[in-house]
Amino acid sequence: MSTPGEPESVRVERLLDAQTRAAALFDEIERRGMVRPGVGERQLSDEIADLAAHMFGVTRHWHKRVVRAGENTLQPFRADPPDRVMADDDIVYLDLGPIFEAWEADFGRTFVLGDDPDKLALRDALPGVWQSGRAFFDAHAEITGAQLYDHVVGLARGRGFEFGAPIAGHLLGEFPHKKISGDDAQFYITPGSDKPMRRTDRTGRVCHWILEVHLVNPDRGFGGFYEELLDVG
């Protein structure tokens with residue numbers, strides 16, 4: 001096992017800094033009213049890329065920029081639904097993975113256009129489900145990814161929603177973290193991920209995780225999304 005290249009305290013600081021910048025990017029997206037009726041998902045994705053480059057010099061995103069509106073919010077990350085133009089009363093979520101000075105961020109939030117009470121209720125439930133999932137992680141030192149996934153699914157159903165994705169998070173770190181992880185279940189918060197999440201990776205570094213919550217209202221046909229760092233911050 002190789003020796004970690006940087007002190008763990010530095011890695012944590014850089015992950016938190018990347019997330020702080022991602023949060024600032026989302027704040028600016030909201031301040032400018034960029035999530036708006038009449039704009040297509042792909043157009044908004046391009047506008048966000050331009051804004052990230054202007055604000056922080058971001059030129060790379062470690063995963064595709066996900067902008068989903070209306071019925072497309074039911075789709076998990078790997079789906080590629082047709083481009084959709086946002087309507088006056090839409091629900092929209094953004095899942096962005098900008099790279100800040102070689103460090104990955106992964107941040108997701110949901111926006112509601114209009115005053116539909118069901119859409120507002122789903123949006124407002126997301127941070128509470130996320131916080132409850134984090135509390136469960138904090139309380140169980142040997143928790144596995146499969147156990148946390150099951151718990152978060154239960155939290156979603158306890159709020160009257162379904163869970164909309166086959167995973168509830170993944171490893172995160174220096175870009176490209178996937179070169180030291182891969183697509184095996186052990187690198188995700190998902191069924192079959194049966195190793196303790198608090199462990200070191202194959203290079204000897206502490207594993208750091210993103211927790212993501214995808215809630216779905218199946219009766220109304222829409223969903224919402226929320227994600228950020230799980231184990232630091």
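Two strands pair if DSSP finds at least two bridges between them. In this predicted model, strands E2 and E5 are joined by 6 bridges and run antiparallel. Within this pairing, Val92 has Phe111 of E5 as its bridge partner.

Strand E5 spans residues 107-112 and is mostly covered, with 6 of its 6 residues buried. In a regular strand the side chains alternate between the two faces of the sheet. In E5, Phe107, Arg109 and Phe111 point one way, whereas Gly108, Thr110 and Val112 point the other way.

Leu94 in E2 stands opposite Val67. Strand E1 comprises residues 66-69; Val66 and Arg68 point one way from E1, and Val67 and Ala69 point the other way. All four of these residues, Val67 included, are buried.

Turning to the helices, two packed helices are described by the angle between their axes and the distance between the axes. Helix H3 (residues 117-139) packs with helix H4 (residues 145-158) at an angle of about 145°, and their axes are 10 Å apart. The crossing of H3 and H4 is right-handed. On the H3 side, the contact involves Val129, Ser132, Gly133, Phe136 and Phe137. These residues meet Gln147, Leu148, His151, Val152 and Leu155 in H4. Of the residues in the contact of H3 with H4, 6 are nonpolar and 4 are polar, and none is charged.

Notes:
Residues numbered from 1 in each chain as written. Predicted model: local features only at pLDDT ≥ 70, side-chain atom pairs only at ≥ 80, totals over all residues. Heavy atoms only, no water. Buried < 20%, exposed > 50% of the residue type's maximum accessible area, 1.4 Å probe, protein only. Helix = DSSP H or I, 4+ residues; strand = E, 2+ residues; numbered from the N terminus. Axes fitted to C-alpha atoms, helices over the stretch in contact; angles between N-to-C directions. Left-handed = near helix turned anticlockwise from the far one by under 90°. Contact = heavy atoms within 4.5 Å. Nonpolar A, V, L, I, M, F, W, Y, C, P; charged D, E, K, R; others polar.
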